[in-house]
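Please read the points below with the coordinates open.

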Amino acid sequence: MYIPSHFQFQDNAEKIAFMKRYSFATIVTVKDNLPIATHLPFFIDDLSDKLLLSSHFAKANEQHKYIEENISLVIFSEPHAYISPANYDKRESVPTWDYIAVHAYGKAKILEDETAKAAVLEQMIHFYEEDYMQQWENLNDKFKKGMMKGIVGFEIEITDLQGQKKLSQNKTETEKHRIAQNLSKSINMEERVIADYIKKL
């Protein structure tokens, strides 16, 4: 990822917090020199000395056949906003876009063991809707096993984590304030979120 110095994250902890907040991401893998991608929810585990991402494909999705032999890229990106040159003091200005994105690279491992696959599903239930766990535990085994046969669980150990938060840091304080104020009035939720991020700088 091209990351100008003034758009860098402070540290990995900040990147990981962003990944957890926007955990529905895109996994990109190479097949025959062409990128293929799937949009998936991820569970982010940063409790050990390794950063692990886990999720699952539908078994019918061929991408799972290539994730162990190639490095995968998982792209976390959500809030973004068009920035009009009307926000700037100089007339010689052009439109741009403010956004936040994190790229996570690593080689995936298919979870062949049914217990490991079930553990990944339960991690995701706890993360996304803990109240559903009681219902999941009370489902009959035949139904659960049938559901699990239709998915391919996997885990990625992240070896490279890159991030960019382009939030008008290269503009004057007056311009940043104006941008944040204008975006905070938008009917678009993502633009209001970007406004909040700018205000926190």
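1. A nonpolar core is here a set of buried Ala, Val, Leu, Ile, Met, Phe, Trp, Tyr and Cys residues joined through side-chain atoms within 4.5 Å. Buried means under 20% relative accessible area, with exposed over 50% and partly exposed in between (1.4 Å probe, protein chains only). The model is predicted: local features need pLDDT of at least 70, side-chain atom pairs count only at pLDDT 80 or more, and totals for chains, interfaces and linings use all residues. Residues are numbered from 1 along each chain as its sequence is written, and side-chain values use heavy atoms, with hydrogens and water left out.

2. The largest nonpolar core has 38 residues, and those with the most contacts inside it are Met19, Phe42, Leu53, Val74, Phe76 and Phe154. Two or more residues each come from α1 (12-21), β1 (24-31), β4, β5, β6, β7, α5 (173-184) and α6 (189-200). A second, separate core has six residues, among them Leu121, Trp136, Met148 and Ile151. Helices (H or I, at least four residues) and strands (E, at least two) are DSSP runs, numbered from the N terminus.

3. Which residues does Leu53 touch, leaving aside its neighbours within four places in sequence? Contact means heavy atoms within 4.5 Å. The partners of Leu53 include Met19, Phe42, Val74, Phe76 and Phe154, as well as Ala104 and Ile158.

4. Strand β7 (residues 151-166) is mostly covered, with 12 of its 16 residues buried. Two strands pair if DSSP finds at least two bridges between them. Strand β4 (residues 52-58) pairs with β7 in the antiparallel sense over seven bridges, and Leu53 stands opposite Ile156 there. Strand β6 (residues 96-110) is also antiparallel to β7, over 12 bridges. Within that pairing, Lys107 is the bridge partner of Glu157 and Tyr99 that of Lys166.

5. Strands β5 and β6 run antiparallel and are joined by 11 bridges. Phe76 stands opposite Val102 in β6.

6. Helix α2 (residues 114-128) has 15 residues, which should span 21 Å at 1.5 Å a residue; its end C-alpha atoms are 21 Å apart, which agrees. The expected span is 1.5 Å times one less than the number of residues. Lys117, Val120, Leu121, Met124 and Ile125 are the buried residues of α2. Seen down the axis, they fall within an arc of 140°, so they line one face of the helix. That arc is taken from the directions from the helix axis to the C-beta atoms. An α-helix has 3.6 residues a turn, so residues three or four places apart point the same way. The cover over the buried residues of α2 includes β2 (34-41), α3 (132-138), α4 (141-149) and β7.

7. Asp113 caps the N-terminal end of α2, with a side-chain oxygen 3.0 Å from the backbone nitrogen of Thr115. At the start of α6, a side-chain oxygen of Asn188 reaches to within 2.8 Å of the backbone nitrogen of Glu190.

8. The buried residues of α6 are Glu191, Val193, Ile194, Ala195, Tyr197 and Ile198. Their cover includes α1, β5, β6 and α5.

9. A polar atom of its side chain lies 3.0 Å from the backbone oxygen of Ser84. Beyond its neighbours within four places in sequence, Asn87 is in contact with Glu175, Arg178, Ile179 and Asn182.

Definitions and conventions:
Polar contact = N/O pair within 3.5 Å; in protein donor to acceptor, adjacent residues only side chain to side chain.
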